[in-house]
Amino acid sequence: MIPGGDLVSILDKGGLPAPFGREILLLQTYVAGTGYVPGVGDLVSSMNAGERLILRREPDNSHDRMAILVLTTSGTKVGYIPRRDNTVIARLMDAGKAIYAVVTAVGPGEHPARINVDVMMHDGYGF
């Protein structure tokens, strides 16, 4: 008897201890369309590097079927992952991968705000 569970739940298929989850950097980019989101300038003033953002697919978006919406953790719209960067990320999300963004820098830009992000994928256990 193995304390804490059976052998199958403790070992993976290869007979080795299951690895802990890891974060994989997929892309370094910015949030597009901030100039079209009412109130985003005020929102940016309270954002900090390291803040996690939610990514949500919008396959029915009339402008881009690969659209990926960027939201705060409270559900406020911030903008989109740029079209030029979204195809592979959208396909990973459609395949069920856990993908999110992390703010790397905020500041003034061409629009009311420039928000740089790292797009991350959680690979493994315990998201």
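The model is predicted, so local features need pLDDT of at least 70 and side-chain atom pairs count only at pLDDT 80 or more, while totals for chains, interfaces and linings use all residues. Residues are numbered from 1 along each chain as its sequence is written, and side-chain values use heavy atoms, with hydrogens and water left out.

**Overall fold**

- The protein chain has three helices and six strands; these are DSSP runs numbered from the N terminus, with helices being H or I of at least four residues and strands E of at least two.
- Reading from the N terminus, the elements go α-β-α-β-β-β-α-β-β.
- Buried residues account for 35% of the 127 residues in the protein chain, where buried means under 20% relative accessible area, exposed over 50% and partly exposed in between, using a 1.4 Å probe and protein chains only.
- Take the contacts in the protein chain between residues at least 6 apart in sequence: 55% of them join residues at least 24 apart. Contact here means heavy atoms within 4.5 Å.

- Six strands make an open sheet, ordered 1-6-5-2-3-4, with antiparallel pairing; two strands pair if DSSP finds at least two bridges between them.
- Strand 1 (22–30) and strand 4 (77–80) are the edge strands, each pairing on one side only.
- From one strand to the next, the twist averages 35 degrees. Axes are lines fitted to C-alpha atoms, for helices over the stretch in contact, and angles run from 0 to 180 degrees between N-to-C directions.
- Helix 3 (residues 86–94) packs on the sheet and touches strand 1, strand 2 (52–57), strand 3, strand 5 (98–107) and strand 6 (114–123). The direction of helix 3 makes about 80 degrees with that of strand 2.

- On the strand 5 side, three bridges hold an antiparallel pairing with strand 2, and Arg52 has Val102 as its bridge partner.
- Toward strand 3 there are four bridges, again antiparallel, with Arg56 partnered by Leu69.

- Strand 3 (residues 68–71) pairs with strand 4 in the antiparallel sense over three bridges.
- Val70 stands opposite Gly79, and Leu71 has Lys77 as its bridge partner.

**The largest pocket**

- Its volume is about 200 Å³, which is the space filled by probe spheres set on the grid points, with points joined across faces, edges and corners.
- On a 1 Å grid over the protein atoms alone, a pocket is an open set of points with protein on both sides within 12 Å along at least five of seven lines; a cavity is instead a set where a 1.4 Å probe fits but cannot get out.
- The lining is Ala32, Asn61, His63, Asp64, Ala67, Ile68, Tyr80, Ile81, Pro82, Arg83 and Asn86; lining residues have an atom within 4 Å of a point.
- Sorted by class, the lining has six nonpolar, three polar and two charged residues. Ala, Val, Leu, Ile, Met, Phe, Trp, Tyr, Cys and Pro count as nonpolar, Asp, Glu, Lys and Arg as charged, and the others, Gly among them, as polar.

**Two lining residues up close**

- Asn61 sits in the loop between strand 2 and strand 3, and counts as buried because its relative accessibility is 17%.
- Leaving out residues up to four places away in sequence, Asn61 touches Ala67 and Tyr80.
- Pro82 is in the loop between strand 4 and helix 3, and is buried because its relative accessible area is 4%.
- With residues up to four places away in sequence not counted, Pro82 touches Thr29, Tyr30 and Ala32.
- The C-alpha atoms of Pro82 and Val31 are 6.6 Å apart, though 51 residues separate them along the chain.

**Thr104 in strand 5**

- Thr104 belongs to strand 5, and counts as partly exposed because its relative accessibility is 36%.
- Its contacts, not counting residues up to four places away in sequence, are Ala49, Asn116, Val117 and Asp118.
- Thr104 and Asp118 are 14 residues apart along the chain, and their C-alpha atoms are separated by 6.6 Å.
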